[in-house]
Amino acid sequence: MKSNKEILNKAINLLCLSDRSALEKKSLNGVKYSVSSRENQRKLIISWLIKNDLYSSMSQNEQNFIETKVGKLDIKEVNYYQFQYECIQPLLWILGLVNEVSNYDNFVIDDFHLTLKINDFNQVTILNEIENKKRNIEQMNIKRLISMLWFWRLIEINNNAFHIKSAEEIIISVFGKDFKHIVEEMKILGLMRRDFIVNDTEITQLPNGIINRLKVISQFRYHSFEWVFSDMSWEEVELNT
């Protein structure tokens with residue numbers, strides 16, 4: 001399992017990678033920015049990471065991404081790192097720095113710069129704060145298994161068995177009786193009735209656009225939990241169901 005410092009560093013690095021992705025846009029919040037101003041911001045992000053001894057904790061691929069000049073990135077790569085913003089909230093929840101993991105109905109839009117006090121960042125202070133707030137293993141594992149079930153259910157989105165049996169019956173059949181309490185937790189959270197629920201609508205009744213969004217959300221949230229529980233690097237994590 002990853003240490004508090006590793007989890008905190010990864011959350012911050014993902015935030016910086018998301019910020020770098022956003023610099024590919026010509027305007028932010030309705031305000032247009034020149035290439036030169038966005039390029040200066042990119043350099044400031046790198047300087048901040050180096051100053052706070054975080055740059056070295058990035059993988060080579062992450063460093064290459066953030067080192068690439070504005071306007072030179074492939075759009076698929078930009079989207080990939082932007083989508084990883086979904087990973088930040090689960091990591092901060094594990095550390096006890098946010099109260100909840102959002103429902104799976106929409107992308108996370110919370111500003112984690114404030115949560116992590118980026119403008120006045122002090123790693124030691126945050127790590128000390130985490131010592132009294134971090135979730136216990138049981139709490140983390142419940143959220144991990146819920147994220148896994150969402151990922152699995154979206155892989156099985158066209159499985160006709162869900163028209164015949166309830167999601168609970170199929171989950172118990174596939175994963176065993178130990179998952180009964182996970183199902184009950186999902187029901188309490190309003191995530192499941194006969195099938196998985198999004199905005200009070202069964203998942204099979206949702207349009208393809210929302211299904212595709214849910215696939216992204218579930219993939220990256222599950223990725224974050226699996227990484228924390230594993231001994232693998234971020235890029236080596238395998239999402240198994």
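1. A residue is called exposed when its relative accessible area is over 50%, buried when that area is under 20%, and partly exposed in between. The structure discussed in this note is a predicted model. Asp200 has 57% relative accessibility and therefore counts as exposed. Its place is in the loop between strands S3 and S4. Although Asp200 is not a glycine, its phi is positive, at about 65°.

2. Asn199 belongs to the loop between strand S3 (197–198) and strand S4 (201–202). Its phi is also positive, near 50°, in a residue other than glycine. With 56% relative accessibility, Asn199 counts as exposed.

3. A contrasting case is Ser224, which lies in helix H12. Is Ser224 buried or exposed? Its relative accessibility is 0%, so Ser224 counts as buried. Leaving aside neighbours within four places in sequence, Ser224 is in contact with Cys87, Pro90, Leu91 and Trp234.

4. Residues up to four places away in sequence not being counted, Leu28 touches Ala22 and Tyr33. Between the C-alpha atoms of Leu28 and Leu206 there is a separation of 31 Å, the two residues being 178 residues apart along the chain.

5. Helix H5 deserves attention as a whole element. Eight of its eight residues are buried, so H5 is largely enclosed by the rest of the structure. These buried residues are Ile88, Gln89, Pro90, Leu91, Leu92, Trp93, Ile94 and Leu95. Which elements cover them? The cover includes H1, helix H6 (112–115), H7, helix H8 (137–155) and H12. Just after H5, Gly96 takes a positive phi of about 80°.

6. The next points concern pairs of helices. Two packed helices are described by the angle between their axes and by the distance between those axes. The axes of H1 and H5 come within 9 Å and cross at roughly 150°. An angle over 145 degrees counts as roughly antiparallel, which means that H1 is roughly antiparallel to H5. The crossing of this pair is left-handed. From H1, the residues Asn4, Ile7, Leu8, Lys10, Ala11, Leu14 and Leu15 meet Ile88, Leu91, Leu92, Ile94 and Leu95 of H5. By class, the residues of this contact divide into 10 nonpolar, one polar and one charged.

7. Helix H1 (residues 4–22) also packs with helix H3 (residues 60–67): their axes come within 10 Å and cross at roughly 35°. This crossing is left-handed. On the side of H1 the contact is made by Lys10, Cys16, Leu17, Arg20 and Ser21, and on the side of H3 by Glu62, Phe65 and Ile66. Four of the contact residues are nonpolar, one is polar and three are charged.

8. Helix H3 has a further partner in H4. The axes of H3 and H4 come within 12 Å and cross at roughly 115°. Angles of 65 to 115 degrees count as roughly perpendicular, so H3 is described as roughly perpendicular to H4. Here the crossing is left-handed. Asn61, Glu62 and Phe65 in H3 meet Glu77, Val78 and Tyr81 in H4. This contact has three nonpolar, one polar and two charged residues.

9. In soluble globular proteins, nonpolar side chains tend to be buried together. Which members of the largest nonpolar core touch the most other members? Among its 49 residues, they are Ile12, Leu49 and Ile66. Two or more residues are given to this core by each of H1, helix H2 (35–51), H3, helix H4 (75–83), helix H5 (88–95), helix H7 (123–131) and helix H12 (208–229). The largest share, eight residues, comes from H1. Apart from this core lies another, of 30 residues, among them Ile142, Phe151, Trp152 and Ile157.

10. Ile66 may be taken as an example of a core member. Residues up to four places away in sequence not being counted, Ile66 touches Cys16, Leu17, Arg20, Arg42, Ile45, Ile46, Leu49, Tyr55 and Met58. Ile66 is also one of the residues of H3 that make the contact with H1.

Notes. Residues are numbered from 1 along each chain as its sequence is written. This is a predicted model: local features need pLDDT of at least 70, side-chain atom pairs count only at pLDDT 80 or more; totals for chains, interfaces and linings use all residues. Side-chain values use heavy atoms; hydrogens and water are left out. Axes are lines fitted to C-alpha atoms, for helices over the stretch in contact, and angles run from 0 to 180 degrees between N-to-C directions. Helices (H or I, at least four residues) and strands (E, at least two) are DSSP runs, numbered from the N terminus. A crossing is left-handed if the near helix is turned anticlockwise from the far one by less than a right angle, and right-handed if clockwise. Contact means heavy atoms within 4.5 Å. Ala, Val, Leu, Ile, Met, Phe, Trp, Tyr, Cys and Pro count as nonpolar, Asp, Glu, Lys and Arg as charged, and the others, Gly among them, as polar. A nonpolar core is a set of buried Ala, Val, Leu, Ile, Met, Phe, Trp, Tyr and Cys residues joined through side-chain atoms within 4.5 Å. Buried means under 20% relative accessible area, exposed over 50%, partly exposed in between (1.4 Å probe, protein chains only). Angles under 35 degrees count as roughly parallel, over 145 as roughly antiparallel, 65 to 115 as roughly perpendicular and the rest as oblique.
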